[in-house]
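Hi,

Here is the structure I said I'd pass on.

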Amino acid sequence: MKAKPFVKWVGGKTQLIEQLEALLPADFDKWENVTYIEPFVGGGAMLFYMLQKYSNITSAVINDINADLTTCYMVVKNNPDALIQALNSIQKEYYTLNTEESKKEFFLQMRDRFNTKTLSDIENTTLFFFLNRTCFNGLYRVNKSGLFNVPFGRYQRPTICDPVTIYADSELLQKVEILTGDFEETFAKVSEKTFFYFDPPYRPLSDTSSFNDYSKEAFNDAAQIRLKEYCDKLNEHNIPFMLSNSDCIEKDGTRFFDELYLQYQINRVWASRMVNANAQKRGKLTEILVHNF
């Protein structure tokens, strides 16, 4: 499989693909003319896997509230040549900088330029790729004003331009419609045979682990409940879905999502969490996978 996520993304599903696939409907490969919908596309690991593995997916719809991210998908889909040319240029310039201090200064300049929000789609996407490859841990985080604020990552020669991946992704994205907005807007794209996969911003495991600010609009408990109600709507229309989230245990021992999705099937899968300021909280943790089939 050549197509894969073109950005690093916290909570990306590459490591969980086999576990997720094992929980798909048993006859999924026999469905005809499937529309695959991801309302929170993020890095797109599941998207790229499903489109390459299942030829019966004839169309797909992806959505995200992060306009910078969805612009990336549009540029990769429609303008791979121009993007590769721009990425090669900024990669060469970065590689000529010989000191960590000069690399950091260049990074901060590019971050400030990205945050002007006045750029063309090509330049915005070029800087999105650059910052993703050179910032700390490849994180994407914004402040309340929607400005990217991840610090410098201290990488010497990161791969900023990967033409093979960009071209492979571009080819695959030709059958994908790209939306920018609220997850509920995806209901308008339902067809006769549709499958949803939800990978929303995860609910924090504790009061202090609130790293889920991928956009200036916080995805709080009210949003998690609204998402569950959207799943109820799909279920009422006999539309199959799967949903990933964190395995939250409250202080009183109750499990937030077990209570919320009580009427549905819940499985647990093992994931490695590498992004945590506390090294003792990194490692293998369970995540939940909710489905209505």
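This is a predicted model: local features need pLDDT of at least 70, side-chain atom pairs count only at pLDDT 80 or more; totals for chains, interfaces and linings use all residues.

Helix first. α8 covers residues 221–236, and its 16 residues should span 22 Å at 1.5 Å a residue; the end C-alpha atoms are 23 Å apart, so the two agree. After the helix comes Asn238, which has a positive phi near 60°. Buried residues of α8 include Ala223, Leu227, Tyr230 and Leu234, but also Lys228 and Asp232. Among the elements covering the buried residues of α8 are β4 (194–198), β5 (241–246) and α9 (256–260).

Now the rings. There are 33 aromatic pairs in the structure. Tyr140 and Phe148 make a tilted one, because their planes are at 50°, with the centres 5.4 Å apart. Both of these residues are buried. Phe198 and Phe241 instead pair edge-to-face, at 6.2 Å centre to centre and 75° between the planes. That pair joins distant parts of the chain, since Phe198 is in strand β4 and Phe241 in strand β5, 43 residues apart. Phe198 has 0% relative accessibility and so counts as buried; Phe241, also at 0%, counts as buried too. Both belong to a cluster linked by ring pairs, which also includes Tyr230, Phe256 and Phe257.

Two charges sit over rings as well: the charged end of Lys8 is over Tyr155, 5.0 Å from the ring centre, and that of Arg157 is over Tyr95, at 4.0 Å.

Cheers

Technical notes: Residues are numbered from 1 along each chain as its sequence is written. Side-chain values use heavy atoms; hydrogens and water are left out. Helices (H or I, at least four residues) and strands (E, at least two) are DSSP runs, numbered from the N terminus. The expected span of a helix is 1.5 Å times one less than its number of residues. Buried means under 20% relative accessible area, exposed over 50%, partly exposed in between (1.4 Å probe, protein chains only). Contact means heavy atoms within 4.5 Å. Rings of Phe, Tyr and Trp (its six-membered ring) pair if their centres lie within 6.5 Å; planes under 30 degrees apart count as stacked, over 60 as edge-to-face and the rest as tilted. A charge sits over a ring if NZ of Lys or CZ of Arg is within 6 Å of the ring centre and within 35 degrees of the ring normal.
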